[in-house]
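Work through the exercises below with the model open. Try each task before you read its solution.

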Amino acid sequence: MTKFQLNRRTLIKSGAAIGAGLALPTIFTSSARAYLNEPKGGTVTLGFNVPQTGPYADEGLDELRAQELAVQHLNGEGDGGMLNTFSSKALKGNGILGKKVQFVSGDTQTKSDAARAAAKSMIEKDGAVMINGGSSSGVAVAVQSLCQEAGVIFMAGLTHSNDTTGKDKKRNGFRHFFNAYMSGQALAPVLNAAYGADRRAYHLTADYTWGWTQQESIQEATEKLGWETVNNVLTPLAATDFSSYIAPVLNSGADVLILNHYGGNMVNSLTNAVQFGLRDKMVNGKQFEIVVPLYSELMAAGAGANVRGVIGSMNWNWQLQDEGSKAFVKSFGEKYGRPPSNSAHTCYAQVMLYADACERAGTFDPCGVVDALEGFEFDGMGNGPTLYRADDHQCFKDVLVMKGTENPTNEYDTLEIVEVTPRAQVEYAPDHPMFAGGDLGQCNSGA
Amino acid sequence: MARGFVGAGFTMDAIILQVLNGLDKGSAYAMIALGLTLIFGTLGVVNFAHGALFMLGAFCAVTLQRILSLSYTVEDPTQTDFLGNPLKVDTPYIVSWFGDATGNAILNWSVPLAILFAIPVMLLIGYVMERGLIKHFYKRPHADQILVTFGLAIVIQEIVKYFYGANPIPTPAPDMFRGSVDFGVMIGFAQNEIIYPYWRLVYFLFSAVIIGSVFAFLRFTTFGMVVRAGMADRETVGLLGINIDKRFTIMFGIAAAVAGLAGVMYAPINSPNYHMGMDFLVLSFVVVVVGGMGSLPGAVLAGFLLGILESFASMNEVKSVIPGIDQIIIYLVAIIILLTRPRGLMGRKGVMEE
């Protein structure tokens, strides 16, 4: 039999082998599980989830244009757009954290289940570290909760319901777009100045999450002015002809009609209301007026001449003259031959804000990004000084009150800026009753 | 329970308003359902692409508007566009050819003019659809017909979306029909009690003319007589040496034209978009079933009836008693009618009952 001899050489050898053997799995797992979809090579993948089919396809297309532009600017291509005006200088035009940015896109179809499936596929199959885009609050809330569960960051696109950063808020989700409460607060003083404090309002409201919070917000804001609410009628989301809802308005004693509708609903209800001659009538000794709390460029284009003189609100508009807006409009306009919409702007800004947060955090880890975005103050993105509030992940910035242009000079000249409402006027406490009931929870990095 | 019915709103003027409204909605339903029934009665095909024909009609109006406003572009150095470049000013050719007044008047009347444009276009589309696709499905089960026509509808939609985008396209009525008329004053009410848009009254009258013409055509022409005979007994008419297939193809074209004209005139009521056909399709089928499969007067009657019921269901006084009734009334009525009269209001025995 051989005698087992332990000498120095074998001890070192076996010790190293055992050590490596023990350490290997932990090295392996710790690097693999740092966080979900950690970019390994020279690239990082972002997922753009926008409506590419269905009634909001044109809005989705505009979002995608802006997202593509943002990716170009991040990679140092083109003229850099708002990178040049952004107050944070962390981004260098060499991708994010030195990794070249690439993107995949999904189709939300403006349906919650389709949007979740598209986001899931981009996260699982394409390895997206962030999901951005969308044009509906129902979709935003659904995708936000999916991203929270999966462990990636959700940078919301166009979503205006209070719930997105209210009862449905999530630690991994962030909203740059404004919300229904802010629209109400911004519109009230302008409505007061234009139409007086003694008004009786009749509401038509789309029967889903956004419509309800929009109606509640504008009702509260106008009642504070002294307006009376005559009636609030819920209309089916699938409705196309609103004539039977509008016919009774004139004899209801109301002298203002508030249309809490978006997209196709708003185009049709406003068109129908104008057909009924509401805006030519005098009621209670006053000119009858129509208010559309949330405007978009595409809706204004769809409603044509019917928007003329009608007041509403927006998150951003290409006619703004600050340096950030001018840089973005120039960059977008030269590439696509048309001014960007406010949904394009919010998606572009969100991609930039995400990239900047990664750069400042030094990681793509969602928990690091959350820390970098919470309480982040910035400027130069087209809305003046802006705060990403830590309490609810809502951006606070100036809000635009718009009016349908009376004498348009070209096809993009549909809306004009009436007032830039200062941020202070639209701020609210994190525990405001309209936003109550939610909890951000813990950040999830998918580890 | 009774509160709603004695409430201030449930007055004579409100009722008349909703009747007008219902007649108006019913006009579109009746015209689409009439075409559906014509196709079903003559060819025995359940045509789910009929909503798409309605939509194509509306896009005939959009297309004519675009053709008429074809423009040449001149750069105007005195004005600038949104990027600060010289503004490109578009002048429609017809304005430069016919002068400002005539040119703009033609543009203004583009929707009524589109009727003339839509009739040949829709007849052609109907002819191509029937000869190219649907005739191959005559002998197939109804389920196959439904699948193929539904697929066709989706294809047509996507083609329209490709060329025109997904956003609605404003297609206004001529200036003189914009705004509204005080209908109440005409029938002895006080001012401002019953205000109704001009164009919707025009739409109702237009549909009455179209429906009347179709019935007159079937009743008073030899062609119509043969078609009616063919609807009743295709085989015997064929044995008499009459080429019934050819006549049925023409009927398909006429049905397409009726749906198309309904669409043309609807364009100013709601800006057309690529999926407007689907919005009407399901309702129109309910209308056909309620009216009785294969019955032309039934389709028209049910169209107006359901239009009026839908309008009444969306009154606040009704909604306050039964919330959400406006969303389900059509289907509720369909269930009740089918339970009490399984063949529909005016359905005949033996249709779709083989």
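Two residues count as in contact if their C-beta atoms, placed from the backbone, lie within 7 Å. Keep in mind that this is a predicted model.

**Exercise 1.** Find what helix 5 of chain A lies across.

Solution. Start at residues 180–195 of chain A, which form helix 5. This helix lies across strand 8 (256–260), strand 11 (289–294), strand 12 (311–314), strand 16 (399–404) and strand 17 of chain A. Now take the direction: helix 5 of chain A runs at about 150° to strand 12 of chain A.

**Exercise 2.** Trace the open sheet of seven strands in chain A and find its edges.

Solution. First, write the strand order: 7-6-8-11-12-16-17, with mixed pairing. Next, look at the ends. Strand 7 (228–235) and strand 17 (415–421) of chain A each have a single partner strand, so one side of each lacks a neighbour in the sheet.

**Exercise 3.** In which sense do strands 6 and 7 of chain A pair?

Solution. Locate strand 6 of chain A at residues 200–206. Its pairing with strand 7 of chain A is parallel, over seven bridges.

**Exercise 4.** Which residues touch the most other members of the largest nonpolar core?

Solution. The core has 235 residues, and the answer is Leu270(A) and Leu34(B). Next, find the main contributor: helix 2 (residues 12–43) of chain B gives the most, with 16 residues. Finally, list contacts of Leu34(B) beyond four places in sequence: among them are Ile211(B), Val258(B) and Leu296(B).

Technical notes: Residues numbered from 1 in each chain as written. Chains lettered and ligands numbered in written order. Predicted model: local features only at pLDDT ≥ 70, side-chain atom pairs only at ≥ 80, totals over all residues. Pairing = 2+ DSSP bridges. Helix = DSSP H or I, 4+ residues; strand = E, 2+ residues; numbered from the N terminus. Axes fitted to C-alpha atoms, helices over the stretch in contact; angles between N-to-C directions. Core = buried A, V, L, I, M, F, W, Y, C linked by C-beta atoms within 7 Å. Buried ≥ 20, exposed ≤ 12 C-beta atoms within 10 Å, placed from the backbone.
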